[in-house]
Amino acid sequence: MGQNTTAARPREGFSRRGFLTGRPAPAFRPLPPGISMETLSACTGCGDCVSACPQQILLVADGHVAVDFSLDECTFCGACATACPEPVFSDSPAMQHVAAISDACLARRGVTCMTCRDACPESAIRFAPRAGGPFLPVLDAGLCTGCGACIAPCPSNAIAARPREVAHA
Ligand code: SF4
Ligand code: SF4
Ligand code: SF4
């Protein structure tokens, strides 16, 4: 635990891409698979999971681990859970969030785009026809695993993680 102090030094902030693009820090910070808001309190912010993630999507923000899906998707490889020395990760790899599409979506603004559908490995985003405009994305929160694969490719930054219970409300 924490033997490589250089490698384990957690990245702070949220996020590199957000800083470069001017994208504001999200109000909701998604967590890696297997962490809930309850178990997050056991996170010491040591950064062992940050160093272990092959996708390099983890960082430490305000002392706790979080995911930045503007960098890449989660593959559910489990390396973060294996690396963690604290009782933070549960045996269930479920995410506590799902993706949500905002009105920044190009299709909602009259521009044809289906990038998110093509990026989703779960076929959780379908496109519904409408008269007089491009097909509109419809996200099935029941199929969404929260992997975030649709977030970075979206050309208008219209997709973000939202708490699963809110998305189902
Ligand atoms: S499951 Fe793998 S890809 Fe996903 S956050 Fe953990 S280490 Fe990264
Ligand atoms: S990728 Fe983004 S802009 Fe394109 S349809 Fe999906 S949500 Fe809309
Ligand atoms: S978060 Fe993953 S599963 Fe959910 S809609 Fe986006 S790509 Fe599909």
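What does the side chain of H97 reach at 2.9 Å? The answer is the backbone oxygen of G146, a polar contact in the sense of two N or O atoms within 3.5 Å of each other; within protein, one must be able to donate a hydrogen and the other to accept it, and residues adjacent in sequence count only if both atoms are side-chain atoms.

Before going further, some ground rules. You're looking at a predicted model, where local features need pLDDT of at least 70 and side-chain atom pairs count only at pLDDT 80 or more, while totals for chains, interfaces and linings use all residues. Residues are numbered from 1 along each chain as its sequence is written, chains are lettered from A and ligands numbered from 1 in the order in which they are written, and side-chain values use heavy atoms, with hydrogens and water left out.

**The overall layout**

The chain has six helices and six strands, and from the N terminus on they run α-α-α-β-β-α-β-α-β-β-β-α. These elements are DSSP runs numbered from the N terminus: H or I with at least four residues for helices, E with at least two for strands. Of the 169 residues in the chain, 38% are buried. Here buried means under 20% relative accessible area, exposed over 50%, and partly exposed in between, using a 1.4 Å probe and protein chains only. If you take the contacts with a separation of 6 or more, 66% are between residues 24 or more positions apart; a contact means heavy atoms within 4.5 Å.

**Back to H97**

H97 sits in strand β3, which covers residues 97-101. Its relative accessible area is 1%, so H97 counts as buried. Not counting residues up to four places away in sequence, H97 touches F28, P30, L31, F69, T145, G146, A161, R162, P163 and R164. G146, on that list, is also the residue whose backbone oxygen the H97 side chain reaches.

**Around the ligands**

Ligand 1 is surrounded by 13 residues, and the closest are C53, C74, C77, G78 and C80. A residue gets into such a shell if one of its heavy atoms lies within 4 Å of the molecule. This shell splits into ten nonpolar residues, three polar and no charged. For these classes, Ala, Val, Leu, Ile, Met, Phe, Trp, Tyr, Cys and Pro count as nonpolar, Asp, Glu, Lys and Arg as charged, and the others, Gly among them, as polar.

Ligand 3 has 14 residues around it, with C120, C144, C147, G148 and C150 the closest. Its shell holds ten nonpolar, three polar and one charged residues.

**The annotated cysteines**

An unreviewed UniProt entry places the feature "binding site" at C43, C46, C49 and C53. UniProt positions are given in the numbering used here, feature names are shortened, and annotations may be inferred rather than shown by experiment.

C49 is in helix α3, residues 48-52. Leaving aside neighbours within four places in sequence, C49 is in contact with L58, V65, C80 and A83. C53 lies in the loop between α3 and β1, and C74 in the loop between β2 and α4. With close sequence neighbours again left aside (within four places), C74 is in contact with P33, I57, F69, M95 and C147. As for C84, look in the loop between α4 and β3.

β1 (58-61) and β2 (residues 64-67) pair in the antiparallel sense over four bridges; pairing takes at least two DSSP bridges between the strands.

The hairpin has two residues between its strands, and D62 in the turn has a positive phi of about 55°, although D62 is not a glycine. N157 is another non-glycine with a positive phi, near 50°, and its place is in the loop between β5 (133-139) and β6 (159-163).

**Accessibility side by side**

| Residue | Relative accessibility | Class |
|---|---|---|
| C49 | 8% | buried |
| C53 | 11% | buried |
| C74 | 10% | buried |
| D62 | 64% | exposed |
| N157 | 34% | partly exposed |
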